[in-house]
Amino acid sequence: MQAPHSTQLIDGFDRRITYLRLSITDRCDFRCQYCMAETMQFLPRSEVLTIEELLRTARLFTELGVKKIRVTGGEPLIRRGADELFKGLGALPTLDTLALTTNGSHLEKTATDLVEAGVTTINISLDSLQPERFREITRVGDFSTVLRGIDAAVAAGFQRIRLNTVVLDGLNRDEVIPLTQFAVDRHIDIAFIEEMPLGQVNVGGKTLAYVTSQSLHDELSRHFDLETLAAANDAGPSRDYKISGTHSRVGFISPHSHNFCSSCNRLRVSAEGRLLMCLGNEESIDLRSLLRSGASDEAVKTSIIDSLTLKPERHVFDQPDEPQIVRFMNATGG
Ligand code: SAM
Ligand code: SF4
């Protein structure tokens, strides 16, 4: 007799998948140095999942036990139909957390609607408080627009707001303390991310080096009193500390160490509908073809469950013998 087919997302290493990162566009209004090339070839619209396909995908994943969905991109808030998408996602009955990662450029106008739609958690990327440097890093971004977006988000009442800062030596390393103070002043959190070797990091012909989380932690500890927080079950890659005497937490995300692979609970769907098993690995299935083939919900869910045999034990950024990951971050959604 055949074993009954699982209805849960559990991979070959006994990890239960409860978290989906959904990239809703590969396009962006910024061109951050570490994420995109200056001129980018974006996907033709027909190759990007439609709002209906995104909503169906999200629903099927929640039916398979996913409790948290993070919408990302590219820049999700420039996607046409994003408002309708957030309303639909917010109405999914078994979803606990609806999260968004954004560059903040469109937050001033959308923050209140996002809260109303059910977005509870928002990550806003911010690499510099210096307008000129901000422009240099993003190539086109306007610091004051993003600042107004952050303030609108604070006023709108999300349950959690976290700034995401990619730190690079020679670029913004000197702003780690001011950026943390900026978060503390607004009662929001901040996470420092080691740059991952996915895009091009080359400013003015100079290749920039990532900064280890350990050295940032040491530097911050000299200025703030950091209390270790017990890792939450779904903590993911961020190691979080409370900043004593404040409402803020600081996190360190260290993709260069493999410390979070053993508890990885996530999958990613790229803008073109590839279901990706791991950020640092090319294993994927073509979910878009499946969705467009007329397959029933049950058939799609079975394919998703079966795809988990492809999920690797850990990612491989630091192993020189392994193939280089050449996807740009905007295509996979961070
Ligand atoms: N556009 C949105 C934003 O910037 O927040 C969402 C997509 S962006 C790809 C998601 C996150 O990935 C951002 O916080 C960004 O800083 C980070 N990111 C992009 N390229 C990266 C890289 N090479 N290494 C580490 N983080 C990166
Ligand atoms: Fe756009 Fe976000 Fe990539 Fe910057 S990090 S280019 S804002 S997708």
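**Close-up views of a predicted model**

View 1. Phe61 and Phe86 have the most contacts inside the largest nonpolar core, which has 89 residues. Such a core is a set of buried Ala, Val, Leu, Ile, Met, Phe, Trp, Tyr and Cys residues joined through side-chain atoms within 4.5 Å. Buried means under 20% relative accessible area, exposed over 50% and partly exposed in between, with a 1.4 Å probe and protein chains only. Of the 334 residues of the protein chain, 54% count as buried.

View 2. Twelve strands form an open sheet with mixed pairing, in the order 9-10-11-6-5-4-3-2-1-12-13-14. Strand 9 (226–228) and strand 14 (284–286) stand at the edges with a single partner strand each, so one side of each lacks a neighbour in the sheet. Strands (E, at least two residues) and helices (H or I, at least four) are DSSP runs numbered from the N terminus, and two strands pair if DSSP finds at least two bridges between them.

**View 3. Strands 1 and 2 with helix 2.** Strand 1 (residues 19–23) and strand 2 (residues 68–72) run parallel and are joined by five bridges; Ser23 has Thr72 of strand 2 as its bridge partner. Helix 2 (residues 82–90) lies across strand 2 and strand 3 (97–102), at about 155° to strand 3. Axes are lines fitted to C-alpha atoms, for helices over the stretch in contact, and angles run from 0 to 180 degrees between N-to-C directions.

**View 4. Strand 5 and its partners.** Seven of the eight residues of strand 5 are buried, so this strand is largely enclosed by the rest of the structure. Strand 4 (residues 121–125) runs parallel to strand 5 over five bridges, and Asn123 is bridged to Arg162 in strand 5. Strand 5 also pairs with strand 6 in the parallel sense, over six bridges.

**Notes.** Residues are numbered from 1 along each chain as its sequence is written, while chains are lettered from A and ligands numbered from 1 in written order. Local features need pLDDT of at least 70 and side-chain atom pairs pLDDT 80 or more, whereas totals for chains, interfaces and linings use all residues, and side-chain values use heavy atoms, without hydrogens and water.

Definitions and conventions:
Contact = heavy atoms within 4.5 Å.
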